[in-house]
Amino acid sequence: MALAEPTGANDPLVRALFLARLQSTMIGMRRIQQRLAAQAPEWADRYGFTAAFSDLLNRPAETQRRVLAHPSAAFWVEVAWDLISRQAHELRPGGHFARHLAKASAFALSACHLVGKGSFVATVRGDSAGRVVFPGAGLCLAPRAAKPYAPITVRVAGDTVELTDASGTPVPYDRLTVACLPETAVEVNWLDQDLRLGGRTRFMYAEPIPPEGVEWVDRLATAWSIVDNVDPVLGAEMRLGVNAIVPLATPDPLKHFSASFREAPGLVALSLGDHLQLTEALVHEYAHQKLYALAQLDPLLAGPTDEALYYSPLRDDPRPLSGLLHAAYTFINILGFYVRAPQLAPVQRLERRTYHIIGYADTLLSELSRHAEFTPIGEALHGALARRLELYRDAVSPPTAEVRTRVDDERRRHRERWENAHGDLVRPHPESAGSMRSPAPDSDRRLRELLDLPPQWSARALRRWYPADMVLDALRALPDPAPVRAAVAGLKPGDSFLADLTAAHLSYLDRDYGDAAKRYLVCLRHEPASSYLWHCHAFALRHCDQFGASLHILTHTAELVTAAQDPAAVAVADDGWPLAEPAPTSPPNPVTMPPSVLESLLESRFWPYVRASSGGPQLPSVMAVAHGLKPAMDVWVRVEGWAIFREMVEALGLSYHIDAYFDRHAPGLDGVPASQLTTTRAGFSRVPRAGTEAHVFLAREPDRLRAAAHSGWYPLLIGGQVVQKHRADHDTFGEALGYPPCCRRFFRERNNWYLDNTYAAALDAAVGTPSVLANPFLRHTVFGLVPHMPCSYTCKTTMAYAGRLRAAIAAELPGYAAEMDRALRCPVLCLSEIRIYRFQGELIDSATVRYRQVQSLYNVVVDDALHELLAAGDRCTVDAGLVHVYRHGRHVGTYEARADRHGPESPFLIAFA
């Protein structure tokens with residue numbers, strides 16, 4: 001297969017790959033225009049996208065190609081589609097969505113400048129340095145009195161460019177030119193911040209001053225010329241595939257970094273290194289570019305390809321199959337380059353490097369052969385790569401026996417460490433080993449119509465670890481499930497997977513959990529390798545008080561999905577339920593809280609809880625359960641405080657249930673994507689250990705306790721993968737905890753961390769002034785009256801509950817109630833469910849807060865740059881999704897909120913009365 005190695009820039013297939021890449025950007029922009037014209041024309045007009053797209057469309061085709069081939073254009077399209085898929089144009093049309101639409105004007109300005117005819121005027125925002133970049137034109141405008149992210153009007157007329165501020169005053173500026181590698185159109189671009197991909201990477205970016213910039217260009221030019229000299233065919237190809245190089249900074253000069261990005265085709269980011277490192281990085285990253293371009297035309301891999309489950313000799317963490325294919329492709333291409341460059345480096349260094357690469361490629365191709373299901377083109381590529389590897393293996397000289405032994409030992413130890421850490425990951429089979437099929441096409445067609453399933457839906461969709469379940473989602477959304485019930489009523493279990501799955505989900509939604517457990521077993525006979533169906537079965541058993549059997553399934557999924565027998569015959573152990581309670585141990589950490597609060601609580605009957613929890617988080621909910629105002633709750637208790645906690649619970653006459661032990665420092669947590677865990681990031685532990693926390697349900701009545709425990713599973717890392725609860729349990733859990741029906745309905749409709757921002761939605765729904773009796777922001781602290789997410793900050797049902805609880809607290813602990821009132825009135829900056837900050841200060845207006853101190857209410861964000869920024873200031877303002885921070889009137893920095901990430905950010909300031 002020609003695409004397994006370089007064939008040159010004149011190869012029609014190679015040219016077609018990169019032409020298709022460009023056309024994908026063009027078509028993507030056209031589709032965005034059509035979607036917005038149909039669904040949000042007013043926003044497209046207001047933020048300049050309609051005018052920019054129209055003007056760009058009227059420019060010469062070659063100018064369009066030059067501008068839209070720039071990596072920032074493809075990335076703009078990627079982010080725009082991401083925002084539209086999240087319904088930002090309907091749910092949150094301001095903020096990031098507005099700023100992003102306005103950025104499209106830069107492409108029109110660039111095209112107008114390149115043509116040198118006509119004119120175009122647009123108002124855009126500068127970047128963090130106040131600069132405006134013309135993508136593809138190599139031009140950067142730097143206002144001399146730059147303000148970060150300030151709106152600025154740009155007018156291009158012929159070859160002149162004018163800038164004016166909001167008052168129409170001309171703005172003087174300097175013209176900066178983006179550097180390019182000699183004899184290429186490849187930018188070395190440290191000026192265009194859009195090429196840093198909006199926080200999607202964690203790289204440190206270099207901004208070299210002029211002498212350093214010259215060094216960057218010279219050293220990259222040297223590396224590129226080496227490629228040209230060694231393999232001119234490859235060098236010519238690279239000119240098609242690489243458009244821009246962004247310099248990276250590295251704190252460790254001994255480490256070299258490079259990367260390519262699917263969402264920004266043509267972009268390479270790399271750090272400086274020696275000539276061999278830079279040359280290999282260019283070859284490596286171009287191979288990624290070529291494979292990304294091919295994957296736009298054919299997926300290469302069928303079935304689940306993006307779940308990080310598989311071994312790579314290059315990483316300590318599990319990798320997706322797509323990552324393994326990219327690694328194999330790039331390293332075999334690097335190996336081919338070294339075969340053609342035997343004089344590129346000292347013999348021993350080159351022998352050692354090629355021996356490493358051959359070992360990597362062998363392992364990667366082997367893993368792909370074992371686990372991947374290829375498309376026909378993917379199969380051809382895999383075979384061609386295997387043949388190229390054998391050809392190159394015979395062409396290179398091996399290192400000494402001593403070096404080979406050392407490398408082989410390192411490789412073996414790496415595999416052993418990986419297996420010890422991740423060997424129990426559940427990996428889907430390329431084909432299910434199911435013993436049953438679905439020979440009921442007529443009933444399936446009827447069910448597909450009733451559930452509005454797409455034609456491509458199949459049981460394969462449920463072979464992922466935690467898949468999107470369209471059947472369950474459709475059933476939960478149906479106003480009347482009677483027609484669906486009628487459609488499955490007459491079918492025999494086992495005749496149709498879709499009918500069996502529908503019937504199982506219906507039983508679960510009807511709270512007939514015993515029937516649901518039986519029906520999920522029938523589904524498992526169709527798809528015994530589906531970890532998702534095993535988990536559905538486990539949660540049905542949990543509702544039947546079979547906690548031990550349920551836990552056994554959740555903690556032994558790897559063995560169950562590979563058991564070569566009828567799932568109904570699999571022995572499920574009780575797993576030693578209930579879990580052992582913590583043994584008496586050293587006292588918990590000292591209590592940290594304001595002295596005035598400490599004094600109020602010190603002699604109360606709830607003081608043991610404050611001690612056990614090292615500060616009393618959720619104390620108002622504990623008091624609500626004790627006073628009979630709340631049916632049940634769940635709380636986390638460090639094992640060191642267990643004895644004190646149990647003593648208090650017994651004294652209050654409450655019942656408790658230990659559900660699990662949470663280990664917030666569990667191995668592997670750092671590698672879990674943010675989208676798989678919420679504000680609770682922890683691994684499961686069966687036994688209490690130092691540093692773990694018991695997840696405990698509390699209630700006055702045993703029935704209330706069981707109801708909460710049945711639905712109260714939290715996402716936990718088990719065996720390297722996150723085990724999520726049954727989706728339907730979100731509804732019943734809120735009910736068991738006594739949350740108001742209006743708030744449960746709101747939560748079900750709006751608590752979507754991909755699409756929505758629940759806190760901002762509650763602000764939209766508020767009528768009048770937000771009330772301290774509907775303030776949910778402190779619910780995990782000692783001051784939280786409201787334990788749930790209210791449907792609005794003026795929800796009457798929530799306020800009535802909080803009012804009753806506050807009255808009970810004031811009657812028993814008036815000093816504590818007074819401190820609570822003060823805390824609940826503090827202004828809050830909220831961006832998303834995981835970025836919330838409370839100020840000691842006051843709101844100046846709806847968009848400005850002056851403060852003396854700031855506290856992050858959710859310390860789950862790693863390297864919280866916004867908290868650090870706020871801590872350095874004394875005033876902040878929110879403007880179009882930008883958080884500007886000042887100290888003593890001087891600008892400290894700006895945080896750019898983004899809605900294209902897990903937990904879309906929509907910043908607002910709020911205070912409660």
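User: What comes after helix 26, and what is its phi like?

Analyst: Helix 26 is followed by G628, and the phi of G628 is positive, near 75°. Keep in mind that this is a predicted model.

User: Thanks. And how many residues of helix 26 itself are buried?

Analyst: Eight of the eight residues in helix 26 (residues 619-626) are buried, so the helix is largely enclosed by the rest of the structure. The buried residues are L619, P620, S621, V622, M623, A624, V625 and A626.

User: Back to phi: which residues other than glycine have a positive value?

Analyst: S614 is one of them, with a positive phi of about 55° although it is not a glycine. S614 sits in the loop between helix 25 (607-612) and helix 26. D545 is another, with phi near 65°, and its place is the loop between helix 21 (531-543) and helix 22 (547-555).

User: Let's switch to the nonpolar core. Which residues have the most contacts inside the largest one?

Analyst: L601, L619, F645, F777, Y793 and Y816 have the most contacts inside the largest nonpolar core, which has 132 residues. Helix 21 gives the most to this core, with eight residues.

User: What does Y793 touch?

Analyst: Leaving aside neighbours within four places in sequence, Y793 is in contact with Y759, A762, L763, A766, P770, S771, A774, P776, F777, F908, I910 and F912.

User: What lies apart from that core?

Analyst: There is another core, of 77 residues, which lies apart from the largest one. L309, A341, A361 and L385 are among its residues. As a general point, nonpolar side chains tend to be buried together in soluble globular proteins.

User: OK, salt bridges now. How many are there in the whole structure?

Analyst: A search of the whole structure finds 53 salt bridges.

User: Which one links distant parts of the chain?

Analyst: One that does is the pair E5 and R388, which are 383 residues apart. E5 is in the segment before helix 1 (12-39), while R388 is in helix 14 (residues 376-395). Their side chains meet at 2.7 Å, N to O. E5 is partly exposed, with a relative accessible area of 22%.

User: And what about E207, which residue does it pair with?

Analyst: E207 forms a salt bridge with R196, and the closest N and O atoms are 3.0 Å apart. E207 lies in the loop between strand 9 (204-205) and helix 9 (210-230), and R196 in the loop between strand 8 (187-188) and strand 9, so the pair ties together parts that are eleven residues apart in sequence. E207 counts as partly exposed at 43% relative accessibility, whereas R196 counts as buried at 17%.

User: How far apart along the helix are R822 and E819?

Analyst: R822 and E819 are three residues apart in helix 33 (residues 814-824), which means about one helical turn separates them. They form a salt bridge with the closest N and O atoms 2.7 Å apart. R822 counts as partly exposed at 49% relative accessibility, and E819 counts as buried at 15%.

User: Which residues do shared partners join into one network?

Analyst: Salt bridges that share partners join E78, D82, R86, R200, R262, E263, R898 and D900 into one network.

User: Where is R86, and what else does its side chain reach?

Analyst: R86 is in the loop between helix 5 (71-85) and helix 6 (88-91), and it is buried, with a relative accessible area of 6%. The side chain of R86 reaches the backbone oxygen of Y754 at 2.6 Å. The backbone oxygen of R901 lies 3.1 Å from a polar atom of the R86 side chain. Beyond neighbours within four places in sequence, the contacts of R86 include L91, W753, A899 and P904.

User: Last topic, strands. How does strand 22 pair with strand 21 and strand 23?

Analyst: Strand 21 (residues 828-832) and strand 22 (residues 835-845) pair in the antiparallel sense over four bridges, with L829 opposite Y837. Strand 22 also pairs in the antiparallel sense with strand 23 (residues 848-856), over eight bridges, and there G841 stands opposite Y851.

User: And what joins them?

Analyst: A hairpin joins strand 21 to strand 22 through two residues. A hairpin through two residues also joins strand 22 to strand 23.

Methods
Residues numbered from 1 in each chain as written. Predicted model: local features only at pLDDT ≥ 70, side-chain atom pairs only at ≥ 80, totals over all residues. Heavy atoms only, no water. Salt bridge = Lys/Arg side-chain N within 4 Å of Asp/Glu carboxyl O. Buried < 20%, exposed > 50% of the residue type's maximum accessible area, 1.4 Å probe, protein only. Polar contact = N/O pair within 3.5 Å; in protein donor to acceptor, adjacent residues only side chain to side chain. Contact = heavy atoms within 4.5 Å. Core = buried A, V, L, I, M, F, W, Y, C linked by side-chain atoms within 4.5 Å. Pairing = 2+ DSSP bridges.
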